Amino acid sequence: HRNRIDEVNVMISQFAKSDPTKANYACEQEMYDTDIFAKRLKKFIHSQKMSHKLSAVNDMRGSFPVINSLSPEMQRVSCFMLVREHLELVPYLSSRFLNMHERSRVAKECMVLDFPPGETIRMSGDDGSIGRGIFVMIRGTAFAAHGAINSFSQRRRKAFVITAGQVFGAGEVLLSEGNVQSEGRIEVISFTRVLFIPRRAVLAALE
């Protein structure tokens with residue numbers, strides 16, 4: 001129990017401190033208020049100690065294992081608190097176009113991925129690739145290129161540098177399967193952490 005309290009405190013410390021757009025969603029403000037939700041999380045963990053019952057495990061990213069023991073609603077809101085600043089960097093997933101509930105559903109599908117220097121990440125529907133989606137750079141530096149690359153000269157022409165705070169793949173993910181421009185690749189220069197938003201989550205949010 002003490003370990004799970006420590007885990008939830010670490011997770012809360014990573015929540016975005018405020019959401020400048022929340023005034024636009026007065027009816028949702030309380031649910032997505034950082035301080036109010038933090039208190040709900042702690043109360044929930046304490047209540048589990050008394051009941052000795054855990055919610056079903058959710059196959060989330062594993063960055064914060066305590067999420068797996070939360071109720072489905074708390075899992076969704078916790079994920080949103082952790083990634084909402086990154087979602088704002090993708091225009092059509094931002095608060096300008098989606099409400100908090102819609103963004104929290106996207107957040108629950110997101111993954112935080114770490115890559116060492118020298119790693120090449122392919123984005124396509126083929127086996128052996130990470131699949132199609134959006135990459136939001138959290139830290140690190142990498143070369144990125146749109147479309148298929150079949151030669152070194154193509155790599156030199158197409159590659160560009162991306163760093164923390166930049167987004168890659170937001171346009172490609174909207175293209176239909178089989179479109180050559182829907183592919184892409186990232187070549188990691190330094191240790192890199194990204195938020196990966198799967199294509200299925202993007203399309204579901206835009207339906």
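These legends go with a set of close-up views of a predicted model.

View 1. Start with the overall layout: the protein chain has six helices and eight strands. Reading along the sequence, you get the pattern α-α-α-α-β-β-β-β-α-β-β-β-β-α. Of the 207 residues, 47% are buried. Take the contacts in the chain with a separation of 6 or more, and 71% of them are between residues 24 or more positions apart.

**View 2. The largest nonpolar core, with 40 residues.** Met-11, Leu-41, Leu-93, Ile-134 and Ile-197 are the residues with the most contacts inside this core. At least two core residues come from each of helix H1 (2-13), helix H2 (34-51), helix H3 (72-87), helix H4 (100-109), strand S3 (133-139), strand S8 and helix H6 (199-206). Which helix gives the most to this core? That's H3, with eight residues.

**View 3. Leu-41 and the residues around it.** Here we zoom in on Leu-41, one of the residues with the most contacts inside the largest core. Skip its neighbours within four places in sequence, and Leu-41 is in contact with Val-8, Met-11, Ile-12, Phe-15, Leu-70, Met-74 and Ser-78. Met-11 turns up in that list and is also among the residues with the most contacts in the core.

**View 4. Helix H6 and its buried face.** Arg-199, Ala-201, Val-202 and Ala-205 are the buried residues to look for in H6. Why do the buried residues of H6 line one face of the helix? Seen down the helix axis, they fall within an arc of 165°, so they share one face. H4, S3 and S8 are among what covers the buried residues of H6.

**View 5. The salt bridge between Arg-103 and Glu-88.** A search of the whole structure turns up four salt bridges, and this view shows the one joining Arg-103 to Glu-88, with the closest N and O atoms 2.9 Å apart. The pair links distant parts of the chain, 15 residues apart: Arg-103 belongs to helix H4, and Glu-88 to the loop between H3 and H4. Is Arg-103 buried or exposed? With a relative accessible area of 1%, Arg-103 is buried. Glu-88, at 31% relative accessibility, counts as partly exposed.

**View 6. The salt bridge between Glu-109 and Arg-200.** In this bridge the closest N and O atoms are 3.3 Å apart. Glu-109 is in helix H4 and Arg-200 in helix H6, so to speak a link between distant parts of the chain, 91 residues apart. Glu-109 is partly exposed, with a relative accessible area of 32%, whereas Arg-200 is exposed at 56%.

**View 7. The salt bridge between Arg-185 and Glu-187.** The two side chains meet at 3.4 Å, N to O. Arg-185 is partly exposed, with a relative accessible area of 23%. Glu-187 has a relative accessible area of 14%, which puts it in the buried class.

View 8. How far apart in space are Asp-114 and Arg-193? They are 4.5 Å apart, C-alpha to C-alpha, despite being 79 residues apart in sequence. Leaving aside neighbours within four places in sequence, Asp-114 is in contact with Phe-191, Thr-192 and Arg-193.

**View 9. A nonpolar patch on the surface.** Phe-143, Val-161 and Ile-189 form this patch, and together they have about 230 Å² of accessible area. Ile-189 itself is partly exposed, with a relative accessible area of 39%.

How values were computed: Residues numbered from 1 in each chain as written. Predicted model: local features only at pLDDT ≥ 70, side-chain atom pairs only at ≥ 80, totals over all residues. Heavy atoms only, no water. Patch = residues over 30% accessible without salt bridge, like charges linked within 9 Å, V, L, I, M, F, W, Y side chains within 5 Å. Areas by Shrake-Rupley, 256 points an atom, 1.4 Å probe, with all protein chains shown as cover. Buried < 20%, exposed > 50% of the residue type's maximum accessible area, 1.4 Å probe, protein only. Core = buried A, V, L, I, M, F, W, Y, C linked by side-chain atoms within 4.5 Å. Helix = DSSP H or I, 4+ residues; strand = E, 2+ residues; numbered from the N terminus. Contact = heavy atoms within 4.5 Å. Arc of directions from axis to C-beta.
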